[in-house]
Amino acid sequence: MSSFEKFNKGTRAFEVDLKEVKGWKKAKDLIGKTVRVTACGTHPSKNKKYGDSVFLITDEGYGVNLPTWYADTMKAIVSDKECTDAIKSGKISVKFNKYETENGESVGVEWIEEVLPY
């Protein structure tokens with residue numbers, strides 16, 4: 001990365017071209033599953049009223065769209081070298097679970113530091 005790239009909007013901790021992702025899944029469709037993460041981040045949404053899009057990339061090559069309320073957490077993870085190094089080395093998984101809110105069912109993300117068996 002050139003010294004001036006650090007001034008681009010957002011933090012780019014992973015060299016991922018989102019156009020190369022195999023396909024996209026919603027976090028709510030993965031409730032009860034655990035996946036290994038190879039990259040994660042945020043990117044500006046095309047529709048400004050929705051805020052930044054939040055995503056992670058799995059070791060199977062597909063992307064997962066996360067709820068926007070994870071944006072601040074994701075930005076903190078991406079800004080932390082120890083966290084990004086753990087993700088890059090294959091040590092981080094995410095478990096998707098559901099919980100009830102006043103507005104109905106929602107999806108929760110639990111970060112797990114482990115190596116899943118293949």
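In what order do the six strands of the open sheet stand? The order is β1-β4-β3-β2-β5-β6, and the pairing is mixed. This is a predicted model, where local features need pLDDT of at least 70, side-chain atom pairs count only at pLDDT 80 or more, and totals for chains, interfaces and linings use all residues. Residues are numbered from 1 along each chain as its sequence is written, and side-chain values use heavy atoms, with hydrogens and water left out.

**The sheet**
- Strands (E, at least two residues) and helices (H or I, at least four) are DSSP runs, numbered from the N terminus.
- Two strands pair if DSSP finds at least two bridges between them.
- β1 (24–26) and β6 are the edge strands, each pairing on one side only.
- From one strand to the next, the twist averages 40°; angles run from 0 to 180 degrees between N-to-C directions, with axes fitted as lines to C-alpha atoms, for helices over the stretch in contact.

**Strand partners**
- β5 and β6 run antiparallel and are joined by ten bridges; Lys 98 stands opposite Val 107 in β6.
- β1 pairs with β4 in the parallel sense over three bridges, and Lys 25 stands opposite Val 64 in β4.
- β3 and β4 are antiparallel, with four bridges, and Phe 55 stands opposite Asn 65 in β4.
- A hairpin is formed by β3 and β4 with four residues between them, and Gly 61 in the turn has a positive phi of about 90°.

**The helices**
- Helix α1 lies across β2, β3, β4 and β6, at about 95° to β2.
- Helix α2 packs on the sheet and touches β2 and β5, its direction making about 135° with that of β2.

**The core**
- A nonpolar core is a set of buried Ala, Val, Leu, Ile, Met, Phe, Trp, Tyr and Cys residues joined through side-chain atoms within 4.5 Å.
- The largest such core has 27 residues, and Cys 40, Leu 56, Val 64, Leu 66, Ile 87 and Phe 96 have the most contacts inside it.
- At least two residues of this core come from each of β2 (34–43), β3, β4 (63–66), α1 (71–78), α2 (81–88), β5 (92–101) and β6 (104–113).
- Beyond its neighbours within four places in sequence, Cys 40 is in contact (heavy atoms within 4.5 Å) with residues including Phe 14, Met 74 and Ile 87.

**A look at Thr 58**
- Thr 58 belongs to strand β3 (residues 53–58).
- Thr 58 counts as buried because its relative accessibility is 2%, buried being under 20% relative accessible area (1.4 Å probe, protein chains only).
- Setting aside neighbours within four places in sequence, Thr 58 contacts Val 35, Arg 36, Thr 38 and Val 64.

How values were computed. Buried < 20%, exposed > 50% of the residue type's maximum accessible area, 1.4 Å probe, protein only.
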